[in-house]
Amino acid sequence: MASCERGRVGESLCAPAAAMGMVVPSALAVAVAVAMALALPSVALENGLARTPPMGWLAWERFRCNVDCRADPHNCISERLFFEMADRLAEDGWRELGYQYINIDDCWSAKQRDAMGRLVPDPERFPSGIKALADYVHAKGLKLGIYGDLGKYTCGGYPGTTLDYVKQDAQTFAEWGVDMLKLDGCYSSEEQQAKGYPEMARALNATGRPIVYSCSWPAYQGGLPPKVNYTILAENCNLWRNYDDIQDSWDSVLSILDWFFTNQDVLQPAAGPGHWNDPDMLIIGNFGLSYEQSRSQMALWTVMAAPLLMSTDLRSISPSAKEILQNRLMIQINQDPLGIQGRRIVKEKSHIEVFLRPLSQAASALVFFSRRTDMPFCYTTSLAKLHFPEDAVYEVQDVYSRKIISGLKAGDNFSVVINPSGVVMWHLRPTTLPVQPWHVVRQQAHSEGLHPVLL
């Protein structure tokens with residue numbers, strides 16, 4: 001949790017982009033020193049973890065703070081739920097694709113600390129204890145995440161980790177065998193957060209156990225400078241929640257997208273190996289998204305280099321939702337080792353948007369996204385108009401259909417048909433230039449966009 005609450009009719013449907021009011025960033029935006037390419041922020045949390053965005057399963061959005069195990073034993077926050085989700089990750093093909101974290105969220109603990117002042121799990125809902133759960137998860141080849149809060153109480157009203165308990169709780173989590181900590185910020189002041197979040201980073205590192213550290217710090221400070229210093233954040237946290245909690249609705253997904261891409265000049269340079277922006281959980285497989293919207297969330301989270309933390313019932317997930325979440329090429333793009341977060345590079349009057357993420361080996365990912373609500377739209381453009389090198393030729397693979405287009409020249413016009421609230425996503429690889437790492441120019445705060453540059 002990140003809070004204490006937890007086309008128009010008559011348009012040509014195949015008009016070229018230039019005729020529809022394309023907003024393409026100026027080519028001047030690429031004139032930035034290459035030395036900045038992989039170095040913003042230049043200093044990151046030095047625990048060697050989360051070199052690619054973490055992948056796994058997180059309880060909160062789907063199962064919330066349901067603690068009534070007598071009335072709802074199948075879905076309440078209990079060890080049974082996490083044992084069963086671990087089984088599904090291990091047995092249904094998720095683990096092999098990289099989904100490795102089983103993450104507990106709020107409402108797992110007893111209402112009081114024990115006589116020694118230690119956090120303890122609820123004895124009725126977690127009778128085996130967190131250590132036994134961690135051992136079970138590890139035996140499945142998975143990792144266990146847990147939740148805390150840097151305040152007197154968690155958002156759900158359970159014991160929090162005030163400043164005097166930071167070191168003790170870090171040690172407790174390490175002794176239990178925890179692999180990730182999400183530290184929320186309910187019931188804490190700005191001053192307590194400024195002191196407590198870095199202190200927990202030091203305390204976790206001091207345990208000697210590798211524990212990925214997820215901070216909700218910026219979400220409580222509005223997510224933007226001057227109140228949020230992303231250089232300091234990256235020095236202390238492996239990932240962070242910047243904005244509101246996701247809800248099970250398309251409106252919620254759109255509000256997150258709007259905030260992230262409106263503020264991309266601040267947010268995009270902050271992300272990279274070991275330090276990621278977290279737009280919150282994947283809600284694919286739940287109740288609020290259509291099939292097209294589910295495909296869109298997966299593609300857009302991937303282009304953002306976002307953590308892929310599912311929050312759905314893996315015991316009953318539909319085949320179509322599972323197919324989206326287990327798309328191998330999508331996951332390959334998300335986990336690209338360069339770790340560069342993508343940007344929105346085109347925003348059309350026709351309600352079509354284009355997003356670009358540079359990848360290693362001179363590749364890139366493009367997402368064509370429709371905000372239209374009327375009918376499928378035929379969008380025409382060229383790679384040259386998207387500021388790809390004009391002398392290059394590409395092999396393109398559609399990430400969802402897996403169809404391949406060979407020999408696409410940068411100057412060739414092409415069309416994609418995008419369903420309402422849907423996406424077309426491409427993986428592009430140059431075939432006329434040597435495959436080499438891309439020197440991708442990170443943008444200065446005032447630049448208008450990110451373009452691929454082959455040097």
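S421 sits in the loop between β15 (413-418) and β16 (423-430), where helices (H or I, at least four residues) and strands (E, at least two) are DSSP runs numbered from the N terminus. The phi of S421 is near 55 degrees, a positive value in a residue other than glycine. S421 is also buried, with a relative accessible area of 11%; here buried means under 20% relative accessible area, exposed over 50%, and partly exposed in between (1.4 Å probe, protein chains only). Please keep in mind that this is a predicted model, in which local features need pLDDT of at least 70 and side-chain atom pairs count only at pLDDT 80 or more, while totals for chains, interfaces and linings use all residues. Residues are numbered from 1 along each chain as its sequence is written, and side-chain values use heavy atoms, with hydrogens and water left out.

**Other backbone points to check**
- Most residues other than glycine have a negative phi, and most peptide bonds are trans.
- Q361, not a glycine, has a positive phi of about 60 degrees, and its place is the loop between β10 (352-358) and β11 (364-370).
- P225 and P226 are joined by a cis peptide bond with omega of about 5 degrees; P226 is found in the loop between β5 (212-215) and α7 (230-236).

**The chain overall**
- The protein chain has 12 helices and 16 strands.
- Of its 455 residues, 60% count as buried.
- Its accessible surface comes to about 17100 Å², with 53% of that belonging to carbon and sulfur atoms; these areas come from the Shrake-Rupley method with a 1.4 Å probe, and for residues only the protein chains shown count as cover.

**Around strand β3**
- Strand β3 (residues 143-149) is mostly covered, with six of its seven residues buried.
- On one side of the story, strand β2 (residues 101-103) pairs with β3 in the parallel sense over three bridges, where pairing requires that DSSP finds at least two bridges between two strands; Y101 stands opposite K143.
- β3 also pairs with strand β4 (residues 180-184) in the parallel sense, over five bridges, and M180 in β4 is the bridge partner of G145.
- Two right-handed β-α-β units include β3: β2, helix α4 (residues 130-139) and β3 form one, and β3, helix α5 (residues 166-176) and β4 form another.
- Right-handed means that, with the strands pointing away from the viewer, the path from the first strand over the helix to the second runs clockwise.

**Helix α4**
- The buried residues of α4 are I130, L133, A134 and V137.
- Seen down the axis of α4, these residues fall within an arc of 100 degrees, so they line one face of the helix; the arc is that of the directions from the helix axis to the C-beta atoms.
- Their cover includes α2 (79-91), β3 and α5.
- Just after α4, G141 takes a positive phi of about 80 degrees.

**Nonpolar cores**
- The largest nonpolar core has 102 residues, of which W57, F82, Y99, W108, Y213, M298 and W301 touch the most other members; such a core is a set of buried Ala, Val, Leu, Ile, Met, Phe, Trp, Tyr and Cys residues joined through side-chain atoms within 4.5 Å.
- Helix α8 (residues 250-262) gives the most to this core, with eight residues.
- A second, separate core of 23 residues includes V346, I352, A410 and W426.
- Leaving aside neighbours within four places in sequence, Y213 has contacts (heavy atoms within 4.5 Å) that include L45, L181, L183, Y197 and L239.
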